[in-house]
There are 2 protein chains.
Amino acid sequence: MPETTPRNDAAAPTLDEVAAAAGVSRSTASRALNGGLRVSPSAQAAVDEAALRLGYVPNRAARSLVTRRTDSIALIIPEPDERLLSDAFIGGTLRGVGDALARTDLQLVLLLSRKNETADRIARYLRGGHVDGAVITSHHEGDELERVVAASSIPAVFVGRPFDAPRELIYTDVDNVAGARLAVEHLVARGRTRIAHIAGPQDMTAGVDRVKGWRDALSDHGLPADALVHAQFTTASGETAAAELLAAHPDVDGIFAASDTIAVGALRALAAAGRSVPGDVAIVGYDDLDAAQASTPPLTTLHNPVVELAATAVEQLLRLIDSEPGDERVTSIVFPPRLVVRGTT
Amino acid sequence: MPETTPRNDAAAPTLDEVAAAAGVSRSTASRALNGGLRVSPSAQAAVDEAALRLGYVPNRAARSLVTRRTDSIALIIPEPDERLLSDAFIGGTLRGVGDALARTDLQLVLLLSRKNETADRIARYLRGGHVDGAVITSHHEGDELERVVAASSIPAVFVGRPFDAPRELIYTDVDNVAGARLAVEHLVARGRTRIAHIAGPQDMTAGVDRVKGWRDALSDHGLPADALVHAQFTTASGETAAAELLAAHPDVDGIFAASDTIAVGALRALAAAGRSVPGDVAIVGYDDLDAAQASTPPLTTLHNPVVELAATAVEQLLRLIDSEPGDERVTSIVFPPRLVVRGTT
DNA sequence: CTGTTAGCGCTTTCAC
DNA sequence: GTGAAAGCGCTAACAG
């Protein structure tokens, strides 16, 4: 391979060139390349051969211009979220999206929304018709994403239930209320009676729902639901909150943490306070991402099926995109919770 | 706000409509919208006003068709990588890319390459001219990404030094050899003389370089470099490898792990073996992502500036995109290592 | 089954 | 400084 030979494939071949090489018209070539409806076998073969030989790749912009389809979907991620940086949440989401997109030839456009211009830029982008649909993940109450998405009239699916669903927004989620109940039930079954909760951010439905489940289950058992502190979904925040909790409620013998990262922080606070786990205090976390297994001791936790959540969201979005408005096939999907028992309870 | 009023902004306004509303020709409108060169102040104002009022958003496909620019870049992530799922690596990368892209109005297209069709699909996409450039992250020796990228003649920057850089591929990286040396020096300074290494995957330059740094530093001190085991960048794998290490070299008093996730696994193996940390065995990890702080005890580690690495890669890419071939301003950038001392050494 | 004919929305010479 | 005209590469009627 001569090092200095100039590339002769500089310009990408156009459909015209493929058609010429195949000895057919451009339209026939186009048909052949797009499913081959109403194309003679010979023409089809000629076009296929020419396209392959020339290394033809259709120009997406040109196609998009006429089809009014972009063959791409957006994944919207509000960047300020701590989780983006701190846990494996985003990795799982990408994997799910990737899985679901694998069979299609759709492209994934990432919209990292910065704190300031969040809604505005996203709105412009969505209204600009640059994507055929959008999946929105880890959205917060104040971020206007729900409003923007609803107003854009673009097909969209949320990962995680939106705060208010004014016009039947579609979403995928895990049943966080039921999950939290499971956590508490588990602690109760282990004889715990003074069960606290370190809640996550209350501007996300996951945070709110987990509080509710905790409260409900406690109420069912006639146990007090007053030991409640708040934290972000990070280890550092969890540690602080747990210390605060121990100070205010020294008699706590069980903790349900709204995330594994928080639980890991609690583990450290407990160690610092000289309390044994699960001897003095039993802990249950939430998420079952890497942190749960990596912690010492490994965390009992509720599985958060992030990969499936994302994959299902994309599947629903795809369905939504080529469905008539009002089609009742496309619905929100809520996964049941699943408790994973390890060493902390 | 009437709930049932039909949207009248259904179709996105075109440049023609903006021009008409502003009372100028389409070309003048176009000029005004694109920097306003050779446009009278009055015309400029009229166009600006009309665009704003109509909520005009240029059609990217149409523009791209004529400018031969897509105004988007690709982020290529080989999916099989365990890290994608297990640690905060990808989150940091996205954040860096997002930061660098924030000022531009470039779009980010994500290319998750699946194990099988990796090279092929990416190659087609790159050659199709769908993006103006690409950033490639966490690539492995066998994945052909380097070849494909080089062959595509598209501007590209690697995050992490490529395996062989046949035609001066541009990359950003941290000096992993120097980092590993620092780790060993730190252990030596603490009086350790039997220093092992749990290596990462050897099909990534980071893995190879860290082994080299470890070996070099040991050699400098006249210490043996025979206690070497291999692992993936995961906690589970790290635990297994560490157990293996302890069995083969019971006299080890210091461990340099190729990642924090591995180090956390080692911590568990050590605990299982009844060895105290850092009393019996001191440990140094690598990455300084969330795992390092969350572990018990917190890990002494080498900071891996993933956010900066990604941001710098994008900046170099942008520079590369609008530079003449052969421009010597655009170079690879290697960050110096930084040791972060915590509780394990 | 095939080719001809129109554009999709935009930027860009090129005269004026 | 401005508008007319051409055309980017492709698909989609529409006749044949």
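1. Strand 2 (residues 107-113) of chain A and strand 2 of chain B run antiparallel and are joined by three bridges, where strands are DSSP runs of E of at least two residues, helices are runs of H or I of at least four residues, both numbered from the N terminus, and two strands count as paired if DSSP finds at least two bridges between them. Within this pairing, L108(A) has L110(B) as its bridge partner.

2. The model is a predicted one, in which local features need pLDDT of at least 70 and side-chain atom pairs count only at pLDDT 80 or more, while totals for chains, interfaces and linings use all residues. Residues are numbered from 1 along each chain as its sequence is written, chains are lettered from A and ligands numbered from 1 in the order in which they are written, and side-chain values use heavy atoms, with hydrogens and water left out.

3. DNA strand C is surrounded by 26 residues, the closest being S27(A), S40(A), R68(A), L15(B) and Y56(B), where a residue is near the strand if one of its heavy atoms lies within 4 Å of it. Sugar and phosphate make up 56% of the atoms of DNA strand C that come within 4 Å of the protein. Helix 2 (26-33) and helix 4 (60-67) of chain A, together with helix 2 (26-33) and helix 4 (60-67) of chain B, each supply at least two residues of this surface.

4. Individual atom pairs can be given for both chains. A polar side-chain atom of S27(A) lies 3.0 Å from a base oxygen of DNA strand C, whereas an N or O atom in the side chain of T28(A) is 2.8 Å from a phosphate oxygen. From chain B, an N or O atom in the side chain of R63(B) is 2.9 Å from a phosphate oxygen of DNA strand C.

5. An unreviewed UniProt entry annotates residues 13-67 of chain A as "domain: HTH lacI-type", and such annotations may be inferred rather than shown by experiment. In the model this span is 69% helix and 0% strand, and its end C-alpha atoms lie 20 Å apart.

6. A263(B), in helix 12 (residues 260-272) of chain B, counts as buried at 0% relative accessibility. Not counting residues up to four places away in sequence, A263(B) touches A257(B), I283(B), G285(B) and L299(B), contact meaning heavy atoms within 4.5 Å.

Notes. Buried means under 20% relative accessible area, exposed over 50%, partly exposed in between (1.4 Å probe, protein chains only). A polar contact is a pair of N or O atoms within 3.5 Å; within protein, one must be able to donate a hydrogen and the other to accept it, and residues adjacent in sequence count only if both atoms are side-chain atoms.
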